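Dear colleague,

Please find below the structure that I am handing over to you. My notes on what was found in it follow directly after.

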Amino acid sequence: MDALHRFLEMGGYARFVWPAYGLAVLVLAGMAVQSYRAWRRQHGLWSALSAMRPQRRR
Amino acid sequence: MQRFANPGRFMRLSGRIMPWCAAGAAIGLAAGVYLALFVAPPDYQQGEAVRIMFVHVPAAWMASFVYAFMALASAAALIWRHPIADMAAQAAAPLGAGFTLLCLVTGSLWGEPMWGTWWVWDARLTSVLVLFFLYIGYIALVNGFDDPTRGARAGAVLALVGVVNLPIIKFSVDWWNTLHQPASVFRLGGPTIDRSMLLPLLIMAVAYMLYFAALLMLRMRTAILASRVRAARLGEVEAMPEPSGRAHVAGSVG
C-alpha cells in the first residue's frame, strides 16, 4: 500500500506526471477512435451501395 | 513509390501490413510505458518529473517527422498529380497535429516544475507552436474549397512552404539562446543520456511511429473507400433513366 502511494506521488511531481500520461492516452486514443469511426462510416455507405447494386443490374 | 500508387494494390497491401503495425504499436506502448514508469530511474536533477520525457520527446520527434512526411507526399502530389499522395498528406495532418499538441502540453507540464514557467516565447517553443498552426492551417485550407482537387493543391503548396519551419525547430536550440536544452539523443558523438532512460525512450518512439503508420493506413483506406463511394453514387445517378437520353454526357465530363 505504501509502495503504491509512493509510486502515485511521483516524488511530489504527481500533478505534472499524471496529466502528461493522461493526455498522451487521450490524444492517442482520440486519433484512433476518430479514424476508426470515419472508416466505419464509409464502410457502411459502401456496404449499402453494394447491396443496391444487384437491383440496378436487373 | 509508384507501385503503391494503385488504390487497389494499396488496399491489399495496407490491409496486410496494418494489423502488424497496430500490434507492434500496442506491444511497444505497453512495454515503453512499463519501462518509463517502473524501470527507468528518477533523474538526479529532475527527479520523477523526468518520466514526462518518455511521452514528450517521441511526440516531438513525431511532430516533425509527420510534417516532413506530409510535405513529401504533397510534393509527390504536385509533381505526379496522383490522388493517393494527396490522400496520404491529408490522412497524416490530423495525426501530426495530435502529436504536436501532445508535445506542447507535456512540455508545458514539464516546464512548470523544472523551469518554473508553463511557457516562454523562446525559439524552440515558438517554432513548435508555429508547426501546430501549420497543421491546423493545412487542414482548414484543404477543407476550405468546394472543389476538393483545388483544396488539395492549395494545401500541398502550404505544406511545402511550411517545410522551412522544420530546420528552424531542429536547430533552434543551437542558433539561439533558449530555455530548451539542446539535442541529447540525435547528436554527433552519440546520445548523452543513460541507457536505462534511452531504451524506454526509443521503444516509445518506435511505438509512436508504428501507431502513426497503422492509423495513417486506416485513414488512407477510408479516403479510398470514400472515393469509391462517391464514384458509385455518381454511377447511380448516371444509371437513372433520363427522359432526354443524355445520360452519357455526364459520364464523359467526369
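The contact between the two chains draws on 25 residues from chain A and 31 residues from chain B. On the side of chain B that touches chain A, two or more residues each are given by helix H2 (53-80), helix H3 (83-115) and helix H7 (195-239) of chain B. H7(B) provides the largest share of that side, with 13 residues. By residue type, the side of chain B that touches chain A divides into 19 nonpolar, 7 charged and 5 polar residues. Please bear in mind throughout that this is a predicted model.

Chain A itself contains 2 helices and 0 strands. Its radius of gyration is 23 Å, whereas the globule rule gives 10 Å for 58 residues, so chain A is more spread out than a compact globule. Along the principal axes, the C-alpha atoms of chain A fill a box of roughly 75 × 20 × 10 Å. Of its 58 residues, 19% count as buried.

One of the residues in chain A that deserves attention is Met10(A), which lies in the loop between helix H1 (2-9) and H2 of chain A. Is Met10(A) buried or exposed? Met10(A) has 20 C-beta neighbours inside 10 Å, and the cut-off for a buried residue is 20 or more, so Met10(A) counts as buried. The phi of Met10(A) is near 55°, a positive value in a residue other than glycine. Arg81(B) is placed in the loop between H2 and H3 of chain B. With 12 other C-beta atoms within 10 Å, Arg81(B) is exposed. As background to both entries, most residues other than glycine have a negative phi.

Val128(B) lies in helix H4 of chain B and counts as buried because it has 21 C-beta neighbours inside 10 Å. With residues up to four places away in sequence again left out, Val128(B) touches Ala63(B), Thr100(B), Cys103(B), Leu104(B) and Ile169(B). The C-alpha atoms of Val128(B) and Leu104(B) are separated by 7.5 Å, although the two residues are 24 residues apart along the chain.

Finally, a word on H1(B). At 1.5 Å a residue, its 33 residues should span 48 Å, and the end C-alpha atoms are 44 Å apart, which agrees. H1(B) bends by about 30° at Ser14(B). Ser14(B) is also one of the buried residues of H1(B), which include Cys21(B), Ala25(B), Gly28(B) and Leu29(B). Gly32(B), Val33(B) and Ala36(B) of H1(B) are buried as well.

With kind regards

Methods: Residues are numbered from 1 along each chain as its sequence is written. Chains are lettered from A and ligands numbered from 1 in the order in which they are written. This is a predicted model: local features need pLDDT of at least 70, side-chain atom pairs count only at pLDDT 80 or more; totals for chains, interfaces and linings use all residues. Helices (H or I, at least four residues) and strands (E, at least two) are DSSP runs, numbered from the N terminus. The radius of gyration is taken over C-alpha atoms; the globule rule is 2.2 Å times the number of residues to the power 0.38. Two residues are in contact if their C-beta atoms, placed from the backbone, lie within 7 Å. Ala, Val, Leu, Ile, Met, Phe, Trp, Tyr, Cys and Pro count as nonpolar, Asp, Glu, Lys and Arg as charged, and the others, Gly among them, as polar. The expected span of a helix is 1.5 Å times one less than its number of residues. The bend at a residue is the angle between axes fitted to the seven residues ending there and the seven starting there.
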